[in-house]
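Subject: Structure handover

Hi,

Here is the structure I promised to pass on.

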Amino acid sequence: MLLLLLLLPVVLCPGGGGEEAFQGPTSYHVIQISSFANSSWAQNQGSGWLGDLQIHGWDNDAGRAIFLKPWSKGNFSEEQVAELEDIFQVYLTGFILEVQNHAQEFQMEYPFEIQGIAGCGLHSGGGTVSFLRGALGGVQFLSLKNHSCVPAPEGGSRARRICALVNQYIGIWDIAMKLVFETCPQYLLGVLDAGKAELQRQVKPEAWLSRGPSPGPGRLLLMCHVSGFYPKPVWAMWMRGEQEQPGTQRGDLLPHADETWYLRVTLDVAAKEAAGLSCRVRHSSLGGQDLVLYWGNPISVGLISLAVIVPLLILLTVLTFWFLRRRSYQSI
């Protein structure tokens, strides 16, 4: 019962986390994080994600979902949403009690934290695929396979005992499986359709080069900044001609407040070898044309350069024409 209660919420309320089999807005997954300080105090957190975009939160006090987008309900009716919220609220209350009641039996030492992630995604070959995993203290504990609870090797005998217990609750397990394999795909398809205007938007990246702190005598740290792009998947690499530089270090993808993304890639190189290097960026918004910035050029060559230079030339031409025309009027 303990782990079944963990599994239910991960399907009912969206959660933060990632399922690497799916990139972009083609999967829906939920995460629950439950923190237990002692036998009398515990706290739940829940959130829901469509790809890398959070579209739900959870209000513990009200026992209701927080809809972060106007289309977050997908094609579900108010009655369907309310029913799921009620189930999730019952689950949260029961989960805390069940964990506290079984903590000693399963040798869980306070404080500890339980995490769960579950959801579904569009399969590249058509159809949908569902997934579910549980973890204890950041260590994978169980997963879903062939509609059964499967203990993770890292979970040891405790995971095996809990999965054996979970598999005995056939009625509750059937409800959980229906939510994972039926409700989740139905919701995913509906919300992808409801939010397609926003989900399919393309925002071109801006890019610039800079020099970081010196790694050492005679060396340079070349930095390529790529910012303001959407969707999230992007490729950026330091190059010499058409050769990728294996020393390129890729930083974390960081979000902006407007839901676009930022990436920095760096290269530690001998100062005398910096000439001829370039940073190449590929993104779906660029229409198949790479953005290329050359190190050491006073004006970087690429789409961003053209986007800046061309408007400036037009403005300069207009101002020159206006100035000459004004002078001709003044001379009459």
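Below are my notes on the disulfides and on one of the sheets.

Before you start, keep in mind that this is a predicted model, where local features need pLDDT of at least 70 and side-chain atom pairs count only at pLDDT 80 or more, while totals for chains, interfaces and linings use all residues. Residues are numbered from 1 along each chain as its sequence is written, and side-chain values use heavy atoms, with hydrogens and water left out.

Disulfides first. A disulfide is a covalent bond between the sulfur atoms of two cysteines; here, a pair counts if the sulfurs are within 2.5 Å. The structure has three of them. If you number the bonded cysteines in sequence order, they pair up as 1-4, 2-3, 5-6.

Take Cys-120 and Cys-184, whose sulfurs sit 2.1 Å apart. Cys-120 is in strand β5 (residues 112–122) and Cys-184 in helix α4 (residues 170–194), so this bond ties together parts that are 64 residues apart in sequence. (Helices, H or I with at least four residues, and strands, E with at least two, are DSSP runs numbered from the N terminus.) The S-S torsion is about -90°, so this disulfide is left-handed. Both Cys-120 and Cys-184 are buried, which means under 20% relative accessible area with a 1.4 Å probe, counting protein chains only (over 50% would be exposed, in between partly exposed).

Next come Cys-149 and Cys-163, with 2.0 Å between their sulfurs. Here strand β8 (residues 148–151) holds Cys-149 and helix α3 (residues 156–166) holds Cys-163, so the linked parts are 14 residues apart in sequence. Cys-149 is buried at 4% relative accessible area, and Cys-163 is buried too, at 2%.

Then there is Cys-224 with Cys-279, S to S 2.1 Å. Cys-224 lies in strand β10 (residues 219–229) and Cys-279 in strand β16, so parts 55 residues apart in sequence are tied together. The torsion of about -80° makes this disulfide left-handed.

Strands count as paired if DSSP finds at least two bridges between them; β16 (residues 277–282) and β17 have four. In one of the contacts, Val-281 has Leu-291 of β17 as its bridge partner.

Cheers
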